Amino acid sequence: DSWSAHNHFIRTLGRRSPKQQRLKLFTTNYDLAFEQAASNTGMIVIDGFEFSSPANFNPSWFQYDVINRNQNNSYLPNLFHIYKLHGSVDWNNKNGLTQKINIENGLPDDPVFIYPSRDKYEISYKSPYIDMISAFLEAVKQPKTALICIGFGFNDDHLNSAITMALRTNPELMLLVVTRSLFGESSSFNPNIKGNLSNAVNAGDSRIMMIDTDFTTFSQELLPNRHIQTPEEQLMENFAKILERGSNEQ
């Protein structure tokens, strides 16, 4: 139950038709919450690491995809990309290579993540961080793109610049901001960014929406279910209802 919000979020947004782009999940968190949710829901994660042991970081893996050769080379529907912009608790530096480790066997000897510090932005221009950020910059330039910012306080200047520039130059970019205490005095939301977004909304920019709520409420109550049942799934659901009705009558 503790993962239900993450599970629902991944299950709802991760399943795509072959005509759609893969879900790209960018996070500044170090934890493995979405990896755990992917495991819970049977989703496949492309995270930039090779399918080997040890798994080395290779940004070209974000350009690859997975198909089912037994079904006319159709793309698998349950796959998404995750970009960890500030690193991860299971990344380790080994001889200049970023490797993914199993933290159940112990924490990394030389962790690869960006600590909040003065040289935070200088470090972000090194691999693997620059590869992740470059992917984010490219993603927000694409037409018909929706950017959902959940629990993000807009306190990272390099990401703020990318988002505000995309809003100015990409007329088909839609931005949804979801955070707790959106207009509260104790809010961690960057006041300058909040003011600019509020002014844009008040001026009639319908591409921007801000919601005062937490991740769990948004995921489980406000996020609409996009999944359309296949004929097979509809048949199985009807069959289950018939069985349930028959057992009740007995």
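The accessible surface of the protein is about 15,400 Å², and carbon and sulfur atoms account for 50% of that area. The structure is a predicted model. Along the principal axes, the C-alpha atoms fill a box of roughly 70 × 50 × 35 Å. Of the 250 residues in the protein, 38% are buried.

As for charge, the protein carries 22 positive and 27 negative side chains. The centres of these two sets are 6 Å apart.

The secondary structure consists of eight helices and twelve strands. Considering contacts between residues at least 6 apart in sequence, 67% of them join residues that are at least 24 apart.

One part of the fold can be followed strand by strand. Strands of a sheet pair through backbone hydrogen bonds, in either a parallel or an antiparallel sense. Here, three strands form an open sheet in the order 10-11-12, and the pairing is parallel. Strand 10 (145-150) and strand 12 (208-212) are the edge strands, each pairing on one side only. Neighbouring strands of this sheet are turned by 15° against each other on average, direction ignored.

The pairing of strand 10 with strand 11 (residues 173-179) is parallel and extends over six bridges. Within this part of the sheet, Thr145 has Leu173 of strand 11 as its bridge partner.

Helix 7 (residues 215-222) lies across strand 10, strand 11 and strand 12. Relative to strand 10, helix 7 runs at about 135°.

Technical notes:
Residues numbered from 1 in each chain as written. Predicted model: local features only at pLDDT ≥ 70, side-chain atom pairs only at ≥ 80, totals over all residues. Heavy atoms only, no water. Helix = DSSP H or I, 4+ residues; strand = E, 2+ residues; numbered from the N terminus. Buried < 20%, exposed > 50% of the residue type's maximum accessible area, 1.4 Å probe, protein only. Contact = heavy atoms within 4.5 Å. Areas by Shrake-Rupley, 256 points an atom, 1.4 Å probe, with all protein chains shown as cover. Lys, Arg positive; Asp, Glu negative; His and termini not counted. Charge placed at Lys NZ, Arg CZ, Asp CG, Glu CD. Pairing = 2+ DSSP bridges. Axes fitted to C-alpha atoms, helices over the stretch in contact; angles between N-to-C directions.
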